[in-house]
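Have the viewer open as you read.

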Amino acid sequence: MIIKRREKPIQIIKLEALDGRLSADHEKKFMVRQHLSNRQAGYKGEQSLDYYLDFLPENKYHIFHGLRLFDGTHYFQIDTLLLSENYLLILEIKRMAGILKFEPQFNQFMRITEENVTESYPDPIVQVKRQKFQLNRWIGYHNLSINLPLETLVISTSNKAILQTSLGDKTVQEKVVHKESLLFKINKLESNFSKARINQLDLQNLSQLLLKSHSSFNPKILNTYGISRSDVLTGVQCPKCKHIPMIRQRGSWLCQACRLLSRIAHEKALYDYSLLINNKITNHQAREFLHIQSDSVTKRILNTACSGFQGDRKSRIYILDNHP
């Protein structure tokens, strides 16, 4: 059963908002868009694995997606964790096309693209090995007396990936598989670890502790990229053609580029503000960001769009919802 569902990472959501509110000639635009593309590809790869995980018996495995834990010193994140009475399995998911070359003797990992360009990346075998080390530390940090074997796999989810390694090396064959082979690998693990190490009650308790210990990562995206708040484009963005700004006209928003009319386009703008700047906003700040002159119109919008407020009328601060 799925204990922690896969969710779209907040980093992607914030990068999408940032990409939409940087001018085309901004010096960080290319970097932001490249990082966004890479993260979207990774997330798509993780999603593609769900089809195969659905074949696992629901009562046998507890599945966690995007689990972020604290091991007593550092935070670490696991793409997917499978927990059973017999063993634990960490899955590190990679969606990369091309020839993927593993050189375990040097802990090197390279990709050769269709254009015959060689690129070097952190070795995912080393990454998942580090996650195993940190998960063991997390178990110790919580003084858990469990004796579950802890296994790791790197899953390649791209249909255009060709796996290569040094002749005679067995590490990659054991630790790296295409997504289509995942279930066969799990069947092999079930044969290797056929004896239950914990009972159902301990399994439930461990699952609850893992879920309770999860800590979401919510970076301040402007600080991450060294982008000034003044570089963020203000105004309501057209949901159809992405033009900024739309203009307020008789209770609606009009796009001057494609002529779209919308009554709720401001909701996405306020959501962008909460993602990029702050989840709290004053009437004055909202007027500036939405390009509205009327205090009363802005007040009506905020009363409808926000989940609540703090303070009295003159110093009122509105709490922005965490979704558009």
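## How two helices pack

In this predicted model, helix α1, spanning residues 10-20, packs against helix α2, spanning residues 29-53. The angle between them is about 145°, and their axes lie 9 Å apart. The crossing of α1 past α2 is left-handed.

Which residues make the contact? From α1 come Gln-11, Ile-12, Leu-15, Glu-16, Leu-18 and Asp-19. On the α2 side you will find Lys-29, Val-32, Arg-33, His-35, Leu-36, Arg-39, Gln-40 and Tyr-43.

## Cysteines

How many disulfides does the structure hold? The count is zero. Take Cys-255: the nearest cysteine sulfur belongs to Cys-241 and is 3.5 Å away. A disulfide needs the two sulfur atoms within 2.5 Å, so Cys-255 is in no disulfide.

Is Cys-255 buried or exposed? Its relative accessibility is 0%, so Cys-255 counts as buried. Cys-306 has a relative accessible area of 10% and is buried because the cut-off for that class is under 20%.

## Salt bridges

Side chains of opposite charge can pair when their charged atoms come close. Searching the whole structure gives 12 salt bridges, and a few are worth a visit.

One of them joins Lys-60 to Glu-190, with 3.5 Å between the closest N and O atoms. This pair ties together distant parts of the chain, 130 residues apart: Lys-60 sits in the loop between α2 and β2 (62-70), while Glu-190 belongs to helix α5 (residues 182-192). With a relative accessible area of 33%, Lys-60 is partly exposed.

Another pairs Lys-175 with Glu-151, the closest N and O atoms being 3.7 Å apart. Here, too, distant parts of the chain are linked: Lys-175 is in helix α4 (residues 171-175) and Glu-151 in strand β8 (residues 150-156), 24 residues apart. Lys-175 has a relative accessible area of 22%, which means that Lys-175 is partly exposed.

How values were computed: Residues are numbered from 1 along each chain as its sequence is written. This is a predicted model: local features need pLDDT of at least 70, side-chain atom pairs count only at pLDDT 80 or more; totals for chains, interfaces and linings use all residues. Side-chain values use heavy atoms; hydrogens and water are left out. Axes are lines fitted to C-alpha atoms, for helices over the stretch in contact, and angles run from 0 to 180 degrees between N-to-C directions. Helices (H or I, at least four residues) and strands (E, at least two) are DSSP runs, numbered from the N terminus. A crossing is left-handed if the near helix is turned anticlockwise from the far one by less than a right angle, and right-handed if clockwise. Contact means heavy atoms within 4.5 Å. Buried means under 20% relative accessible area, exposed over 50%, partly exposed in between (1.4 Å probe, protein chains only). A salt bridge is a side-chain nitrogen of Lys or Arg within 4 Å of a carboxyl oxygen of Asp or Glu.
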